[in-house]
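Hi there,

Here is the structure I promised to pass on. Have a look at it first, and then read on for what I found in it.

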Amino acid sequence: MTTVTISISADEARRIALRSQGLLGPVDRRAGVRGMLRRLGAVQLDTISVLARSHELVPYARLGAVGRDTVEAAYWTGGHAFEYWSHAACVLPVEEWPHFAFRRRALRARGHRWHLLEDSERSCAAVRERLRAEGPLTATELGGAKNGGEWYDWSETKIAVEWLLDTGEVVCAERRGWKRVYDLAERAIPGELLHDDLTDHECLRRLVAQAGAAMGVATRADLADYHRLRNEQVDAVVAETGLVPVEVEGWGKPAWADPAALEAESAAGRERCRTTLLSPFDSLIWDRKRTERIFGFTHRLEAYVPRARRIHGYFAMPLLSGGRLSGRVDPAREGRTLVARQVSMAGRGAVAPMARALWEAAGWVGCDAVRVERCDDRELAAALTAALA
């Protein structure tokens, strides 16, 4: 029996990826931030805050100017989410707790993180007792996060509570002033979800299927990267996920697609794509190789690159417009002015969308003026300044 592989064009793959990520088609405001989180499966957290933190920028890109307090409440109230290791440190839907049992088991088997405890049993017992007696606490409230040295010079208490988080006894179910608030898993996770009963195979099958649905169409490397799995883990389960093999024009690698995403693409008429600025940690573009393959757009976070060697700026945010990545801007705020410290655009067609995206972002963060500081093309700089006015 011959298996027929579905062939899709590069443009179809791009639209499928955008639609699956909630950036093409009708905006699902009724489902809101929590619906977006369930759809994506993971929203990455990061310490950098320019216009806002990345976990706020992700729903903004999809839902528009949803209030930042609304975003935080959607994540951190009502027991709908928890924080754990996925693509990186991520906000995850609470329903996914059982599917990370494989990672909790692996960490338990390793026995430690990069920090070692002098007396693990004593330190962990002290943390458990404090949380049980006093309720959710930050590391500072537990006794201090640092020993007084560099940021990574953690106290015994901080090492212990992070170890308990890794292994599933403790949960970060809230951020308060960007500090993790820890609670016992037995209190924070609903009883029907609080188990590690699923086998590694069952966990991996679910996470690969979820990644495939969130991306729409993906290579093996894409599927592995979404939740930081290994290629061989994807190979072991992909045939059981319901994803179907596809051949994508120009990719040159085997790929899999979500059947629902293929059906949505075949049924789609004219759809509107969001015009917006994307966090560099947005799941649409967090995999740089995938971003180049789908959009022909090379992007690199330069926050940790020495200033003199930066090309596009500290926190350059790609511009999504018309289903393409057509520019980028490194934003900042000075009082009530959004400053575009550095802008680049792919021709005059990107000028109006860039102006629109800058004004929308400015309004969202409470700015009432926009100023362009630098642009890598003099003519486009003049056109952008005019469009902003």
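Strand E12 covers residues 317–321, and five of its five residues are buried in this predicted model. What sits on each face of E12? On one side you will find Met317, Leu319 and Ser321, and on the other Pro318 and Leu320; both faces are covered, with all of these residues buried.

E12 also has strand partners. Strand E11, residues 276–277, pairs with E12 in the antiparallel sense over two bridges. Strand E13, residues 324–334, is antiparallel to E12 as well, and that pairing runs over five bridges.

Leu277 stands opposite Leu319, and in E13 the bridge partner of Leu319 is Gly327. Leu319 is also among the buried residues of E12.

Next, follow the chain from E12 into E13. The two strands form a hairpin with two residues between them, and Gly322 takes a positive phi near 60° there.

Now for a separate spot: His55, which lies in helix H3 (residues 54–63). Is His55 buried or exposed? His55 counts as buried because its relative accessibility is 2%, and the cut-off for buried is under 20%. Setting aside neighbours within four places in sequence, His55 is in contact with Val43, Gln44, Leu45, Val71, Glu72, Tyr75 and Trp178.

Methods: Residues numbered from 1 in each chain as written. Predicted model: local features only at pLDDT ≥ 70, side-chain atom pairs only at ≥ 80, totals over all residues. Heavy atoms only, no water. Buried < 20%, exposed > 50% of the residue type's maximum accessible area, 1.4 Å probe, protein only. Helix = DSSP H or I, 4+ residues; strand = E, 2+ residues; numbered from the N terminus. Pairing = 2+ DSSP bridges. Contact = heavy atoms within 4.5 Å.
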